[in-house]
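Please keep the sequence and the structure in view while reading.

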Amino acid sequence: MPQNKIQEIFEEMGKVVVGQENLINRLLIGLCTGGHILLEGVPGLAKTLTVNTLAKVLHLDFQRIQFTPDLLPADIIGTMIYKPKLGDYEVKKGPIFANMILADEVNRSPAKVQSALLEAMQEKQVTIGEETFRLDRPFFVLATQNPVEQEGTYPLPEAQLDRFMMKVFVDYPSKTEEMEVMRRMSNLDYNYEPKAILTKEDIAQIRHGINQITLSETLENYIVELVFATRRPLDYGLRDEARYMQFGVSPRGTIKLNLAAKALAYFAGRDYVLPEDIKEAAPDVFNHRIMLNYEAEADGITTRYVIDSILRKVAIGR
């Protein structure tokens with residue numbers, strides 16, 4: 001059963017990547033539910049290494065695209081190339097034709113390049129010339145943003161951010177983890193090649209298994225109440241938080257929270273969702289969908305603070 005192999009994936013990943021269990025968990029959720037993940041973290045936190053290793057463990061095709069200001073949409077999706085000998089055009093497919101895509105520093109390229117990627121994410125297909133090509137399944141995009149440098153960047157619009165299932169913040173490793181990283185990477189002979197554990201067929205079975213997870217009507221209502229608390233905070237007694245909130249979570253967020261909670265239950269070996277699954281997934285599903293105003297920025301209020309307040313004050317079975 002593919003469900004039994006989830007822990008094997010973490011163990012195999014741990015032979016290459018130190019720590020980052022939460023990141024690996026979120027990547028697996030996105031991959032197994034058809035979602036995409038946006039990562040934010042400073043350089044050097046093994047984001048690229050983690051994705052590359054996961055692609056090997058899952059035996060999937062992997063492509064890394066470095067986004068730069070001079071990147072063109074054709075550099076991502078491909079283009080038509082004229083063949084003089086044939087007197088005709090031939091399709092040259094771009095790196096988007098892979099199972100796992102790492103869009104590194106996605107906010108470094110202008111809007112037309114970002115939209116080319118996001119269209120592929122949403123439609124799961126690419127049009128080159130007059131031909132439309134379906135992308136191979138599973139198709140999973142991990143985009144990264146560097147929170148340190150904002151000069152020369154093109155921030156993703158809120159409507160495009162909503163295309164991502166989760167926005168995950170990657171933090172520094174602990175002292176113990178950093179010690180292990182130093183020891184492992186300072187060994188010039190260290191070159192472990194991870195073994196493949198899952199196939200595309202296994203991933204399809206996992207998706208089917210997640211689809212069979214039971215979510216009670218009470219917890220369905222709880223998800224809806226959490227979402228509406230971001231849109232109408234005053235109705236839920238969130239007076240302080242309402243001062244800082246400009247826009248709430250979209251219906252896409254409702255769907256993604258449902259799927260993420262089911263995936264967490266599946267990974268835990270259960271066939272039903274617990275309230276803890278919803279509470280664990282909510283911050284990563286909500287934090288790029290709640291828009292705060294300038295007053296929040298002036299007062300040092302973060303999206304995570306608002307989400308934590310909502311999770312504390314909105315009761316189950318309300």
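In this predicted model, arginine 26 and glutamate 280 form a salt bridge, with their closest N and O atoms 3.5 Å apart. Between domain 1 and domain 2, the count of salt bridges is four.

- The protein is divided into domain 1, residues 2-200, and domain 2, residues 213-313.
- A distance of 25 Å separates the C-alpha centres of domain 1 and domain 2.
- Their contact takes 22 residues from domain 1 and 18 residues from domain 2.

**The contact between them**
- About 1,800 Å² is buried between domain 1 and domain 2, and 57% of it is on carbon and sulfur atoms.
- Polar contact links 10 residue pairs between the two domains, with both residues at pLDDT 80 or more.
- On the side of domain 1 that touches domain 2, helix 2 (21-33), helix 6 (158-161) and strand 9 (166-169) each supply at least two residues.
- Helix 2 gives the largest share of that side, six residues.

- In soluble globular proteins, nonpolar side chains tend to be buried together.
- The largest nonpolar core has 69 residues, and Ile9, Leu58, Leu226, Leu257, Ile278 and Phe286 have the most contacts inside it.
- Helix 11 (residues 251-267) provides the largest share of this core, eight residues.
- Domain 1 and domain 2 each contribute at least three residues to this core.
- Another core, of 27 residues, lies apart from it and includes Phe67, Leu71, Ile101 and Ala116.

Technical notes: Residues numbered from 1 in each chain as written. Predicted model: local features only at pLDDT ≥ 70, side-chain atom pairs only at ≥ 80, totals over all residues. Heavy atoms only, no water. Core = buried A, V, L, I, M, F, W, Y, C linked by side-chain atoms within 4.5 Å. Buried < 20%, exposed > 50% of the residue type's maximum accessible area, 1.4 Å probe, protein only. Helix = DSSP H or I, 4+ residues; strand = E, 2+ residues; numbered from the N terminus. Domains from an automatic or database assignment. Contact = heavy atoms within 4.5 Å. Buried area = accessible area lost by both parts, 1.4 Å probe. Salt bridge = Lys/Arg side-chain N within 4 Å of Asp/Glu carboxyl O. Polar contact = N/O pair within 3.5 Å; in protein donor to acceptor, adjacent residues only side chain to side chain.
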